[in-house]
Amino acid sequence: LPSLCSLLNSNKFTLIGDNAFAGLSHLQYLFIENNDIQALSKGTFRGLKSLTHLSLANNNLQTLPRDLFKPLDILSDLDLRGNSLACDCKIKWLVEWLESTNTTVPATFCSSPGQLEGTRIRDLALGDFQCITTDFVVHQVLPFQSVSAEPFTYASDLYVALAQPGASSCTILKWDYVERKLRDFDRIPAHSAVHCKPIVAQEQLYVVVAQLFGGSYIYHWDTAVDKFIKIQDIDSQRTRKPNDVEAFQIDGDWYFVIADSSKAGSTSLYRLNQNGFYSHQALHAWHRDTDVEYVENEGKPRLIISSSSQAPLLYQWNRGQKQFVAQGEVGEALDVQMVKYFRAKREQFLCLSRYIGDSKVLRWEGQQRFVEVQALPSRGSMVLQPFAVRQRQYLALGSDFSFTHLYRWEEEKQKFVKFQELSVQAPRAFRSVPAADVQLLLAPSFKANTVVYRHV
């Protein structure tokens with residue numbers, strides 16, 4: 001009906017899609033009133049070049065697609081009354097449009113949120129909308145595979161240590177503040193490195209090089225010759241198949257712990273003295289440990305160790321004995337690949353990644369009690385990493401079989417909500433790195449290039 005000039009519709013439509021009125025080039029009056037329309041597509045009114053009067057009154061519209069009325073060049077009258085419009089960020093564009101348009105629009109009011117209920121939309125100021133969206137975009141591609149990334153600051157400069165088993169090295173990159181890129185700095189030979197853990201203690205730089213074969217070592221940065229010097233072997237009878245390294249301070253003393261994933265090895269704690277690091281405590285033997293996380297809450301240092309053979313195990317520091325004492329299991333999830341801790345306001349949480357079955361987010365209830373708050377489908381997951389950028393809490397869920405899913409923590413819902421996918425092949429870690437005014441996310445890949453994302 002190319003000659004149709006007016007159209008009045010009052011049915012029970014709930015949705016109007018793109019190009020719904022295609023071909024009605026002479027349509028001047030369009031009244032879609034008293035329906036149950038809950039959504040309009042962005043291209044609903046495409047092609048209506050002659051439309052002058054539009055009414056969407058008395059429907060169930062809660063939001064409107066951005067620039068919905070942009071194709072309507074000569075629109076003179078618009079009626080939006082009788083809808084339940086939510087005055088949130090999705091409708092900020094409408095406030096801007098109302099300030100600039102010559103179209104006559106009868107008073108239309110907000111239905112939500114509570115503080116704006118009953119407010120006339122035309123009276124809203126753009127400053128009333130706290131609309132911040134986030135994204136992670138590719139910033140730099142590092143042309144090599146890696147399985148761990150550890151940022152550190154030494155002598156006021158920012159570095160990253162990456163374990164590269166395929167290249168037989170621990171690669172140290174330095175942040176270039178002018179070019180805003182990571183640059184090659186040095187390499188430590190490590191033919192089967194799974195973790196390169198930098199420790200800056202007493203103004204000295206050490207790197208714990210954990211290797212699958214040939215033993216593990218500790219290197220020290222020698223300022224006299226500006227190179228890394230191997231200073232110590234790590235007991236190969238205890239550390240047979242290392243999987244993770246964590247470093248921390250307790251009461252002024254520096255420690256690191258190596259999670260060992262062999263049947264015959266033992267997760268072990270080492271302490272720094274004047275001559276180097278020495279064996280301090282055998283923690284968890286013969287359990288094929290996959291990850292270890294250091295947590296300090298309620299004034300008590302704790303370790304949480306995940307393994308292939310039992311639920312994660314909680315240890316608590318005994319200041320009298322200067323040792324960790326087992327406190328019991330955390331939850332009931334078996335085959336946990338990684339355990340990570342984060343805070344959201346006053347609450348404390350653990351993230352448990354699982355290769356088979358759902359990964360878990362647990363809330364710390366105190367007294368060694370944890371409650372599951374969220375399950376995330378995660379077939380093939382080796383890493384579930386919470387991280388914060390400024391005041392925002394995120395979660396990266398990597399998989400060997402699909403995209404990496406990024407989640408954002410929603411405080412009101414007390415759970416993570418998916419908002420972005422990243423294409424990372426076989427990720428083994430995610431590490432947030434604050435580099436001056438740039439917030440980075442490093443994504444080491446076991447099968448492809450390591451990707452550096454920027455938070456925007």
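A disulfide here is a pair of cysteine sulfur atoms within 2.5 Å. The model is predicted, so local features need pLDDT of at least 70 and side-chain atom pairs count only at pLDDT 80 or more, while totals for chains, interfaces and linings use all residues. Residues are numbered from 1 along each chain as its sequence is written, and side-chain values use heavy atoms, leaving out hydrogens and water.

Searching the whole structure turns up two disulfides. Let's take C170 and C196, whose sulfur atoms sit 1.8 Å apart. The link is left-handed, with -80 degrees about the S-S bond. C170 belongs to strand β10 (residues 169-176) and C196 to strand β12 (residues 193-201), so the pair ties together parts 26 residues apart in sequence; strands are DSSP runs of E, at least two residues long, numbered from the N terminus. C170 is buried at 0% relative accessible area, where buried means under 20%, exposed over 50% and partly exposed in between (1.4 Å probe, protein chains only). C196 is buried as well, at 0%.

Now for C87 and C110, with their sulfur atoms 2.0 Å apart. The S-S torsion is about -95 degrees, so this disulfide is left-handed.

On to the sheet. Four strands make an open, antiparallel sheet in the order β28-β29-β30-β31; two strands pair if DSSP finds at least two bridges between them. β28 (383-389) and β31 (415-422) stand at the edges with a single partner strand each, so one side of each lacks a neighbour in the sheet. Strand β30 (residues 404-410) pairs with β31 over seven bridges in the antiparallel sense, and T404 stands opposite L422 in β31.
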